[in-house]
Amino acid sequence: MRVLVTGHEGFIGQNLVKYIYNNTDWSMDVYDWNSGILPSIMEQDWVIHIGAISSTTERDLDKVMRQNYDFTRQLFNACKTYGVNLQYSSSASLYGMGIDFAETAQLDPRTPYAWSKYLCEYYHRQHQGGNTVHGFRYFNVYGNYEEHKGSQGSPLSQFSQQAQTGNIKLFHNSNEYLRDFVAVEDVCRVHVEFIKQVKESGIWNIGTGNPVSFEHVAQLIAKKTNAHIEYIDMPDILKKSYQAYTCADLTKLTATIGPQQWITVEDWLNS
C-alpha cells in the first residue's frame with residue numbers, strides 16, 4: 001500500500017503520519033502546500049488530503065478558496081483521472097447553529113472556512129468517478145502537536161497552555177457550550193480503518209457522540225494544574241458563528257465500521 005498525505009506539517013497531519021508509520025507497513029509520501037505544484041499521484045493507492053487553512057476566523061475569502069477549495073478540487077480530478085482513492089477532511093462547522101448532526105442534516109456554514117469545506121463536499125457529490133472517496137466531518141479534534149495553532153487550537157490545548165501561567169480564561173456561560181471533543185489518535189485510527197475496510201464513497205462524521213462543556217474541560221485542567229479560572233466576554237468576531245453545541249450522530253459511522261471505543265477527555269488528560 002502506498003499513500004500520500006497532504007498537510008503533514010499541521011496538527012492532524014503530524015499525528016496521522018506518525019500513526020501510519022507506527023501502525024501499518026504502508027509506504028508513505030508527504031506533500032507540502034508551499035511547493036506550489038500539484039503532487040504526483042499516479043504511483044499512489046490513496047491520497048489522504050488534510051492540508052487546509054483551518055482558521056475559522058480567517059476572513060480573506062480568496063485565500064481560503066485557493067488553498068481549501070481550488071487545490072482540493074484539483075486533487076479530486078487527478079485522483080479520479082488516475083483511479084487513485086482519496087480521503088479528505090471536512091468539518092462539523094458545516095452544521096453551524098443546527099441541532100441535527102446526521103450527515104443528511106440541513107447544513108448551515110457560517111464562515112469562509114466552513115463554506116470552503118461545504119463546496120468541497122458538493123464537488124465530491126457532483127463529480128464521483130470509479131475511485132473510492134471518503135469525506136470526514138471532523139468534530140472538535142484535540143491532541144498533541146497543536147500548540148502552534150494559538151487561538152485556533154482546541155480548548156484543551158489553549159487551556160493547558162494558559163494553565164502554565166496559573167490562569168485559564170473562559171468565556172462567560174461556558175457551562176452552556178457543549179462540544180464533541182475527539183482525540184486526534186481516534187481520528188487517525190478511523191482514517192486507517194476506512195482504508196482497510198471501506199470501498200464505498202461518502203461522507204462520515206468523526207466524533208465521540210458524547211459532548212462535554214468548555215467549563216468541564218477547564219475545570220479538569222485547572223484541577224490537574226492548580227490553575228485559576230477567569231471568566232471573560234466572548235469576542236465579537238465569534239458571536240455569530242460560534243457553535244453552542246455539537247454532537248456527532250454516529251449512526252452511519254457505526255453501520256460502516258462498527259461501534260468504536262473513543263478516548264475520553266479525562267482519559268487523555270491523565271495519559
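**Exercise 1. State whether C188 is buried or exposed, and explain the number of disulfides in the structure.**

Solution. C188 is buried, with a relative accessible area of 2%; buried means under 20% relative accessible area, exposed over 50%, and partly exposed in between, with a 1.4 Å probe and protein chains only. The model is predicted, with local features needing pLDDT of at least 70 and side-chain atom pairs counting only at pLDDT 80 or more, while totals for chains, interfaces and linings use all residues. Residues are numbered from 1 along each chain as its sequence is written, and side-chain values use heavy atoms, leaving out hydrogens and water.

Next, count the disulfides: there are 0, a disulfide being a pair of cysteine sulfur atoms within 2.5 Å. C188 is in none, and the nearest cysteine sulfur, that of C79, lies 19 Å away. For C79, the closest cysteine sulfur is in C120 at 13 Å, which is too far for a bond. C79 is buried too, at a relative accessible area of 0%.

**Exercise 2. Describe the surroundings of S93.**

Solution. First, locate S93: it sits in the loop between β4 (85–91) and α3 (112–126). Helices (H or I, at least four residues) and strands (E, at least two) are DSSP runs, numbered from the N terminus.

Third, list its partners. Beyond neighbours within four places in sequence, S93 is in contact (heavy atoms within 4.5 Å) with D108, P109, Y113, A114 and Q243. Its side chain also makes a polar contact with the side chain of S91, at 2.8 Å. A polar contact is a pair of N or O atoms within 3.5 Å; within protein, one must be able to donate a hydrogen and the other to accept it, and residues adjacent in sequence count only if both atoms are side-chain atoms.

**Exercise 3. Give the strand order of the open sheet and name its edge strands.**

Solution. The 6 strands follow the order β2-β1-β3-β4-β5-β10, with parallel pairing; two strands pair if DSSP finds at least two bridges between them. At the edges are β2 (27–31) and β10 (202–206), each pairing on one side only.

**Exercise 4. Name the buried residues of helix α4 and what covers them.**

Solution. In α4 (residues 155–163), the buried residues are P155, L156, S157, F159 and A163. Their cover includes β6 (140–142), β7 (167–171), β9 (181–183), α6 (214–225) and α9 (265–269).
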